[in-house]
Amino acid sequence: MESGPESDKRTRVWLVSHSGAMTAIRYALGDGATSVGRGPQNHVVIQGGDVASVSLQHFEIRAGETGLRLRDLDSTNGTYLNGERITEADLLPPALIRLGSQGPELALVTGEPPPAELDRTQAIPENILSLQLSPQPPEEAAAPGGAYEGLLTEAVARARHARSKGIGDQTMTIMRETLRIALRHTGRRLRVAIAVLVVGLAATAGGAAWKIAALNHDKQSIDRHIHDIEAQLAKTTETTAQSDSLITQLADYQNQAEQLEHSLLYRFGPHEKEDFLLREIRTLLVEFGAEVYSVPPEFIERVGHYIEQYQGPDRPLIRTALNSAAPRLKEMRRILDREHLPPDLAYIPLVESALTSGQSSAAGAAGPWQLTAATGRSLGLRIDKETDERMSLVKSTEASCRYLRTLILDFGTGSSVMLALAAYDLGPTRVKQAVMANVHDPIKQRNFWYLYRVNALPKETREYVPKVVAAMIIGRNPSHFGF
């Protein structure tokens, strides 16, 4: 916000954390546009455990002469203003802005929020908050061995109590608060008492740091076991029973790793930065409800392979989708979202037909979604000598939504979207036949990652799904891949 007599007269408007975001946000809106998203280029960067629903650039708030205007930046999961999804809308404080229907929420408020909001990285249970530090009156503060001794005892008790509840990351917050109170009344004679206070709290923080280091070591050990098992699965050509034994071990280690990651101390400790491609695959899988701790290395490698293809010989395909065909892609995303399906499924036609309506296959599939005449008619499309509604972007997309919904419900498990992708390429009957010929457990027949690891899916389908995922990831991060 500009300084000066005119700007001082204006009411300052702030964005603050309301729920969801792990990192506290307290941002004063200035003139012009303020962008919000998970990408580092934004004015307000959203981080935390629920960032999966946040796009790289999610929305912007533009301040003009007529007031504030909120605009969604073609985000994957939408922007919601006071519970209603918007594309663009006037913005008046107080207001609540949510990034995705279940994502983090920001409050738009007037007046500067209290600094205490910045000190919280998470909610602290009331029984810990009840241990309040109260500034001592000046006459008590004058006694070096009295008030500050109690201050130290109380602060250390709070820190230890927080650690016992698994909230060791609050030590530095308690330290800052205690020092602020102490310094408010301190004199030269009390510097020794404050030094003791710092040492005591630092010791408690050191205990938390040791615990975090131990958790990191445990996770690295688990990850090595998982890597070894994944390598054995990729090489095995033996019986299903042997593969099942390895997958059972893998599931056990994955459960251990997930429990460890849910530890509050681990979540707020320093960790190695995850590979960009793997992070984007994980984000996509979370939105598809197909998340898994360990993504098969072969799957990651194939996604990377097709990304290189799109950056190289197939580059014109992606450039067309992101430029001249962008309005068509946007319309398909809108229809998918309206039908409560993942909008990124709009990249299926990119792989199927290069987003062109006139594309036809040798098998007679036609239109952007490459529907056969039989499938199109079963979905309610008119296909005769005069009209072929498979060529209509809107009608073929609506029909494909019905088809995809049927496939997802048919394969109904946590990884059903991934199996629906497989069935869209090969047809549900052929996928079921291939699976049932190799897997006789009805539960495992519906688990995409199990089927992928034991090579139960046809090779064509094993390649098709990573290819579509690669197109989705580029579409979500075009600048990262040079588009």
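**Helix geometry, ring pairs and a hairpin**

Modeller: At 1.5 Å a residue, the 13 residues of helix 9 (residues 276–288) should span 18 Å, and the end C-alpha atoms are 19 Å apart, which agrees. Please bear in mind that this is a predicted model.

Colleague: Which elements do the buried residues of helix 9 pack against?

Modeller: The buried residues of helix 9 include Phe276, Leu277, Leu278, Ile281 and Phe288. Glu280 and Thr283 are also among them. The elements that these buried residues pack against are helix 10, helix 16 (416–426), helix 18 and helix 19 (459–476).

Colleague: At the start of helix 9, which residue has a side-chain oxygen that reaches towards the backbone nitrogen of Leu277?

Modeller: Leu277 is itself a buried residue of helix 9. The side-chain oxygen that comes to within 3.1 Å of its backbone nitrogen belongs to Asp275.

Colleague: Which residue takes a positive phi just after helix 9?

Modeller: Helix 9 comprises residues 276–288. Just after this helix, a positive phi of about 70 degrees is found at Gly289.

Colleague: How many aromatic pairs does a search of the whole structure find, and how is the pair of Phe299 and Phe448 classed?

Modeller: The search of the whole structure returns nine aromatic pairs. In one of them, the rings of Phe299 and Phe448 lie 6.4 Å apart, centre to centre, with 85 degrees between the planes. Because planes over 60 degrees apart count as such, this pair is classed as edge-to-face.

Colleague: How many residues apart are Phe299 and Phe448?

Modeller: Phe299 belongs to helix 10 (residues 297–311), and Phe448 to helix 18 (residues 448–453). The pair therefore links distant parts of the chain, with a separation of 149 residues.

Colleague: Is Phe299 buried or exposed, and what is its relative accessible area?

Modeller: Buried residues have under 20% relative accessible area. Phe448, with 1%, is therefore buried. Phe299 is likewise buried, with a relative accessible area of 0%.

Colleague: What is the centre-to-centre distance between Phe299 and Trp449?

Modeller: Phe299 and Trp449 form an edge-to-face pair with 80 degrees between the planes. This pair also links distant parts of the chain, 150 residues apart, and both residues are buried. The distance between the ring centres is 5.1 Å.

Colleague: Which residues form the covered face of strand 10?

Modeller: In a regular strand, side chains alternate between the two faces of the sheet. In strand 10 (residues 95–99), Leu96 and Arg98 make up the uncovered face. The covered face consists of Ala95, Ile97 and Leu99.

Colleague: Which residue is the bridge partner of Leu81 in strand 10?

Modeller: Strand 7 (residues 79–81) pairs with strand 10 in the antiparallel sense over three bridges. The partner of Leu81 in strand 10 is Ile97.

Colleague: With which side chain does that of Glu105 make a polar contact?

Modeller: Strand 10 runs antiparallel to strand 11 (residues 105–110), joined by four bridges, and the two form a hairpin with five residues between them. Glu105 lies in strand 11 and is buried, with a relative accessible area of 10%. At 3.2 Å, its side chain makes a polar contact with that of Arg98.

How values were computed: Residues are numbered from 1 along each chain as its sequence is written. Side-chain values use heavy atoms; hydrogens and water are left out. Rings of Phe, Tyr and Trp (its six-membered ring) pair if their centres lie within 6.5 Å; planes under 30 degrees apart count as stacked, over 60 as edge-to-face and the rest as tilted. Buried means under 20% relative accessible area, exposed over 50%, partly exposed in between (1.4 Å probe, protein chains only). Two strands pair if DSSP finds at least two bridges between them. A polar contact is a pair of N or O atoms within 3.5 Å; within protein, one must be able to donate a hydrogen and the other to accept it, and residues adjacent in sequence count only if both atoms are side-chain atoms. The expected span of a helix is 1.5 Å times one less than its number of residues. Contact means heavy atoms within 4.5 Å.
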